[in-house]
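Please open the model in your viewer and keep the selection panel at hand. The tour below moves from one selection to the next and says at each stop what is there.

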Amino acid sequence: MGEAQVTVRALSASSGPAAVAVINTAAEWYAEFLPPSEVHEQEMTLETWADEARRMTWYGAFDGVDLVGVMGLEYAGDAVLLRHAYVLPGRQRQGIAAILRDRLEREVNGVGRIIVGTYAANYKARAALEKAGYQPSPDPGAVLRRYYDIPEDRLQSSVIYEKHLDRDQ
Ligand SMILES: CC(C)(COP(=O)(O)OP(=O)(O)OC[C@H]1O[C@@H](n2cnc3c(N)ncnc32)[C@H](O)[C@@H]1OP(=O)(O)O)[C@@H](O)C(=O)NCCC(=O)NCCS
């Protein structure tokens with residue numbers, strides 16, 4: 001598929017409602033593989049989005065004025081985490097997540113380790129990460145406990161991918 005024409009920029013608070021709409025629309029797909037008890041009516045509230053903005057930087061991919069995808073970059077000690085990747089269903093498979101990921105990787109400064117966690121069943125995210133050169137972490141449990149604030153029972157259903165940059169060291 002041809003590469004989408006989008007521009008990427010860091011998001012400010014005023015983009016919160018549009019970002020939450022993208023996230024919640026894209027996350028409806030989780031119902032296809034998550035047990036019903038883990039499916040939330042809303043993946044993210046505006047309040048959580050704003051809380052997240054205090055610990056990480058949200059980026060958005062825009063087609064004109066329309067926000068079509070989001071991704072977050074969080075510094076965590078000796079690593080950075082790529083978090084909350086969501087692209088509107090009607091705009092998926094057009095390279096938008098790849099454009100966002102490339103941009104965020106280029107923003108990374110001062111650390112060489114990029115970490116991404118996702119559901120083990122999330123074949124879309126896993127394929128995207130593998131295509132981009134990420135490798136499954138040899139010790140996902142340790143990475144999840146150290147870098148992610150997730151309950152123990154989620155450890156089983158999660159996988160971790162890593163990429164090591166050989167620049168900015
Ligand atoms: C995961 C997600 C962000 C990918 O966004 P996207 O813009 O469609 O991804 P891209 O177009 O950049 O795809 C890059 C690669 O990912 C893989 N990929 C993406 N969607 C895929 C699918 N439906 N099936 C298989 N592989 C897929 C492919 O390798 C693809 O490359 P290709 O199109 O050249 O084969 C999107 O599917 C999404 O929003 N999913 C719901 C939310 C989610 O799962 N977020 C991830 C949280 S970690």
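Begin with the residues around the ligand: by class, this shell holds 14 nonpolar, five polar and three charged residues, where Ala, Val, Leu, Ile, Met, Phe, Trp, Tyr, Cys and Pro count as nonpolar, Asp, Glu, Lys and Arg as charged, and the others, Gly among them, as polar. The model is a predicted one, in which local features need pLDDT of at least 70 and side-chain atom pairs count only at pLDDT 80 or more, while totals for chains, interfaces and linings use all residues. Residues are numbered from 1 along each chain as its sequence is written.

**The shell around the ligand**

Of the 22 residues around the ligand, those that come nearest are Gln-92, Ala-97, Ala-98, Ala-127 and Ala-128; a residue is near a molecule or strand if its C-beta atom, placed from the backbone, lies within 6 Å of it. Two or more residues of the shell are given by each of helix 1 (16-27), strand 4, helix 3 and helix 4, and the largest share, six residues, comes from helix 4. Helices (H or I, at least four residues) and strands (E, at least two) are DSSP runs, numbered from the N terminus.

Now select Ala-98, which is found in helix 3. Leaving aside residues up to four places away in sequence, Ala-98 touches Ala-128 and Ala-132, contact being defined as C-beta atoms, placed from the backbone, that lie within 7 Å of each other. Is Ala-98 buried, exposed or partly exposed? Ala-98 has 15 C-beta neighbours inside 10 Å and therefore counts as partly exposed, since a residue is buried if 20 or more other C-beta atoms lie within 10 Å of its own, exposed if 12 or fewer, and partly exposed in between, with C-beta atoms placed from the backbone. For a distance to draw in the viewer, take the C-alpha atoms of Ala-98 and Val-70, which are 28 residues apart in sequence and 11 Å apart in space.

Seven of them form an open sheet with mixed pairing, in the order 1-2-3-4-5-7-6, and the edge strands, each of which pairs on one side only, are strand 1 (7-10) and strand 6 (135-136). Two strands pair if DSSP finds at least two bridges between them.

Strand 4 (79-87) deserves a separate selection. Eight of its nine residues are buried, and it is mostly covered. Strand 4 pairs with strand 5 in the parallel sense over three bridges; here Leu-81 has Ile-115 as its bridge partner, and Val-80 stands opposite Ile-114. With helix 3 (residues 96-107), strand 4 and strand 5 make a right-handed β-α-β unit, a crossover being right-handed if, with the strands pointing away from the viewer, the path from the first strand over the helix to the second runs clockwise.

His-84, found in strand 4, has phi near 50 degrees, and with 23 C-beta neighbours inside 10 Å it counts as buried. Arg-93 lies in the loop between strand 4 and helix 3; its phi is about 65 degrees, but this residue is exposed, with 12 other C-beta atoms within 10 Å. Most residues other than glycine have a negative phi.

**Strand 5 and the helices across it**

Move on to strand 5 (113-119), where five of the seven residues are buried, so that the strand is largely enclosed by the rest of the structure. Seven antiparallel bridges join strand 5 to strand 7, and in strand 7 the bridge partner of Ile-115 is Glu-162.

Helix 5 (residues 140-147) lies across strand 3 (66-76), strand 4, strand 5 and strand 7, at about 85 degrees to strand 7. For these angles, axes are lines fitted to C-alpha atoms, for helices over the stretch in contact, and angles run from 0 to 180 degrees between N-to-C directions.

Key: Contact = placed C-beta atoms within 7 Å.
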